Amino acid sequence: MLRTLFNLPSESTLVRALRRLRCQPGISRQHINSMSLKLPSEAGREKFIFLLMEEMSIKKGLRYDQISESIIGFTDDGSERTVKLATSALSISVCGVVKRWSHPIGFFLTESSMKSQFIIDVIQKAIALLEEAGYTLLGLTTDQGSNFE
């Protein structure tokens, strides 16, 4: 319907563009860098952000990804992949405080709830990368998972 009003790309063009984005477990410098491209160099308050973390249960299963030519569904923390099936995922996003936007920056797959030390390491790495990119982190928001009580 909107295509009749606006000159929008076709579905196949969008799918091809999305396939070029490589999303691997871990915190993605590529995603943080793409956020920085939208940030004006003279930005003041637009640099204020919140870090969002959400842990969720996922369905066990394997599938073959033709683009990356790999099997998805094993535990993977971005640096180590095992043959155990993942049952839990941790999603990390960033949102603007002054302007309304959000952007995913990473995810992790494990066979159970994330260990607290692992979450601390992930938070510290995310903060360092975001500050390096010029953002000012004002806080952290999490879901009410068992690790965040």
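Visitor: Does Ile-71 count as buried, exposed or partly exposed, and at what relative accessibility?

Guide: The general idea is a scale of relative accessible area: buried means under 20%, exposed over 50%, and partly exposed in between, with a 1.4 Å probe and protein chains only. Ile-71 counts as partly exposed because its relative accessibility is 38%. This residue lies in strand S4 (residues 70-72); helices (H or I, at least four residues) and strands (E, at least two) are DSSP runs, numbered from the N terminus.

Visitor: What should I know about the model itself?

Guide: This is a predicted model, in which local features need pLDDT of at least 70 and side-chain atom pairs count only at pLDDT 80 or more, while totals for chains, interfaces and linings use all residues. Residues are numbered from 1 along each chain as its sequence is written, and side-chain values use heavy atoms, with hydrogens and water left out. The predictor's confidence in each residue is its pLDDT, from 0 to 100. For the protein chain the mean is 80, and 81% of its residues reach 70 or more.

Visitor: How many residues does the largest nonpolar core have?

Guide: In soluble globular proteins, nonpolar side chains tend to be buried together. A nonpolar core is a set of buried Ala, Val, Leu, Ile, Met, Phe, Trp, Tyr and Cys residues joined through side-chain atoms within 4.5 Å. The largest one has 19 residues, and Ile-27, Ile-92, Ile-105 and Leu-130 have the most contacts inside it. At least two residues of this core come from each of H3, strand S2 (48-57), strand S7 (88-96), strand S8 (102-110) and helix H4 (116-132). H4 gives the largest share, six residues.

Visitor: What does Leu-130 touch, not counting residues up to four places away in sequence?

Guide: A contact means heavy atoms within 4.5 Å. By that criterion, Leu-130 touches Ile-32, Met-35, Ile-49, Leu-51, Val-94, Ile-105 and Tyr-135.

Visitor: Is His-31 buried or exposed?

Guide: His-31 is buried, because its relative accessible area is 13%. Its place is in helix H3 (residues 29-38). Beyond four places in sequence, His-31 touches Cys-23, His-103, Pro-104 and Ile-105.

Visitor: How many salt bridges does a search of the whole structure find?

Guide: A salt bridge is a side-chain nitrogen of Lys or Arg within 4 Å of a carboxyl oxygen of Asp or Glu. The search finds two. In one, the closest N and O atoms of Arg-29 and Glu-132 are 3.5 Å apart. Arg-29 lies in helix H3 and Glu-132 in helix H4, so the pair ties together parts that are 103 residues apart in sequence. Arg-29 is partly exposed at 48%, whereas Glu-132 is exposed at 61%. Glu-111 forms a salt bridge with Lys-84, their closest N and O atoms being 3.2 Å apart.
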